[in-house]
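These are my notebook entries on a structure that I am looking through for the first time.

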Amino acid sequence: MKDTQLHHVPVVIVGGGQAGLSTAKCLQEKGIQSIIFERHEKFHSWRVNRWDSFCLVTPNWQCRLPGFHYDTEYGGTDPDGFMLRDEITEYLDAFVETFKPDLREHVDVTRVAPQPAGGFRVETSIGTWICDQVVIATGGYDTPIEPDYARALSPEIMQMHSVDYRNVDQFPEGGVLIVGTGQSGVQVMEDFTRAGRDVHLAVGPAPRSPRKYRGRDATDWLYDAGHYAITIDTHPDPHKALTQTNHYMSGRDGGKEIDLRQFHVDHGVELYGSLAGMDGTTVSFLPDLTKNLDDADKSYVGIRTQIDAYIAAQGIDAPVEPPFAKVWEPEVERTELNLAEAGITSVLWAIGFRPDYSWIEANVFDDRGKPKFTRGVTEQPGLHFIGLGWLNTWGSGRFLGIEEDSRYLADRIDEQLSTKAVA
């Protein structure tokens with residue numbers, strides 16, 4: 001039953017993932033009361049919206065929640081490994097047990113509105129709260145993206161978005177067309193190849209990264225070189241940083257590279273350019289396969305070159321590896337395919353999500369509906385965002401940067417609450 005009384009709390013946090021709960025932990029350390037509303041249950045995206053074989057892409061040592069690092073406070077024994085889905089949720093659940101936040105699960109927040117005298121009115125499925133500060137920690141994964149032309153695909157062909165994917169057994173017999181080559185698309189592709197399925201892949205512009213290089217994980221080298229400490233304000237190409245798809249690689253089997261050319265050679269994965277349209281059982285592709293593969297390799301080689309430069313500058317004795325060489329190149333780019341004739345019975349969309357901030361009544365969004373802020377602090381006094389990519393650094397939307405971001409935001413909230421108290 002919905003409570004009709006008005007409740008007051010200094011800070012409302014919307015979203016019970018690692019970003020929202022990390023902020024609550026940092027506020028608690030400052031003696032600031034907060035309440036967290038989560039529309040599902042805590043860590044829902046990890047617990048429910050991940051497939052069965054899911055594992056981290058970054059090493060476990062990068063899991064650094066506030067005061068609860070994987071290899072110290074949590075006592076994890078495999079810092080260079082990659083936790084599986086259930087291991088991730090165990091780590092997150094253990095974090096919450098360290099501070100017992102005021103977390104209200106299965107609560108929808110339907111409206112956040114600034115009040116004329118300051119503060120906010122937060123309307124939820126269980127009642128209304130008045131607060132001084134609001135932290136939006138819902139992430140950017142509200143609405144799965146499927147293009148309009150997906151509706152023109154024959155109903156004979158099953159369609160599924162990666163958010164609903166759990167395992168290959170959900171799909172009918174026959175081939176699958178996977179659309180998108182971000183981290184989700186390429187890892188699901190490997191699931192299907194391991195199951196011996198016929199896989200077709202629409203290759204987008206996502207970049208790729210080496211995994212192990214010159215004796216260490218590439219992310220270890222990049223961390224030591226200060227790459228992950230670069231802020232969005234000092235980044236040489238901030239627009240690229242904000243709009244580029246994540247580099248793809250895998251943490252599976254102890255960590256590996258994903259080379260789509262190699263998957264074509266070793267597993268017969270058929271590669272096409274970006275998907276351009278659908279009509280019945282016929283799909284069309286852009287003639288950009290060669291470009292997309294080359295661009296991904298350019299990113300891959302660029303990271304290797306960056307690591308080489310760091311090793312040379314520091315005078316580090318590290319093993320030398322042979323230069324990169326392509327194992328395959330497309331001779332002809334196919335721009336049309338009849339799915340029925342090719343034996344393809346399903347399409348899996350792995351082209352991302354859109355955020356939904358329609359319930360926030362504040363002038364803090366740009367023309368594309370993305371929030372505007374400086375390190376999560378908006379121009380609307382008391383309204384903040386956390387857990388988004390490049391909030392400050394590369395690690396902001398990941399485990400690596402959440403402690404720094406949440407502590408910074410807690411400091412700003414403390415300052416704003418103190419200023420109001422003095423006034």
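Before I call any residue buried, I note that the word means a relative accessible area under 20%, whereas exposed means over 50% and partly exposed covers what lies in between. I also keep in mind that this is a predicted model.

**Entry: His-161.** I looked up where His-161 sits and found it in strand E10, which covers residues 158–161. Is His-161 buried or exposed? Its relative accessible area is 3%, so I wrote it down as buried. A polar atom of its side chain lies 3.1 Å from the backbone oxygen of Gly-352. Setting aside the neighbours within four places in sequence, I listed the contacts of His-161 as Pro-144, Ile-145, Glu-146, Trp-349, Gly-352 and Phe-353.

**Entry: aromatic pairs.** I counted the pairs of aromatic rings with centres within 6.5 Å, and the count came to 26. One of them joins Tyr-141 and Phe-353, edge-to-face, with 5.3 Å from centre to centre and 80° between the planes. Which parts of the chain does this pair tie together? Tyr-141 belongs to the loop between strand E8 (127–136) and strand E9 (143–144), while Phe-353 belongs to strand E20 (residues 353–354), so the pair links parts that are 212 residues apart in sequence. Tyr-141 has a relative accessible area of 62% and is therefore exposed, whereas Phe-353, at 24%, is partly exposed.

I then turned to Tyr-357 and Phe-365, whose ring centres are 5.4 Å apart; because their planes meet at 25°, I recorded the pair as stacked. Tyr-357 counts as buried at 8% relative accessibility, and Phe-365 is buried at 17%.

**Entry: charges over rings.** Arg-50 is over the face of Trp-46, at 4.5 Å from the ring centre, and Arg-208 is over the face of Tyr-300, at 4.0 Å from the ring centre.

**Entry: cysteines.** How many disulfides does a search of the whole structure find? I noted 0. Two sulfur atoms must lie within 2.5 Å to count as a disulfide, and the sulfur of Cys-63 has its closest cysteine sulfur, in Cys-55, 12 Å away, so a bond is ruled out by distance. Cys-131 is likewise in no disulfide, the nearest cysteine sulfur being that of Cys-26, 19 Å away. I looked up the accessibility as well: Cys-63 is buried at a relative accessible area of 1%, and Cys-131 is buried at 1%.

How values were computed: Residues numbered from 1 in each chain as written. Predicted model: local features only at pLDDT ≥ 70, side-chain atom pairs only at ≥ 80, totals over all residues. Heavy atoms only, no water. Phe/Tyr/Trp six-rings, centres within 6.5 Å; stacked < 30°, edge-to-face > 60°. Helix = DSSP H or I, 4+ residues; strand = E, 2+ residues; numbered from the N terminus. Buried < 20%, exposed > 50% of the residue type's maximum accessible area, 1.4 Å probe, protein only. Lys NZ or Arg CZ within 6 Å of the ring centre and 35° of its normal. Polar contact = N/O pair within 3.5 Å; in protein donor to acceptor, adjacent residues only side chain to side chain. Contact = heavy atoms within 4.5 Å.
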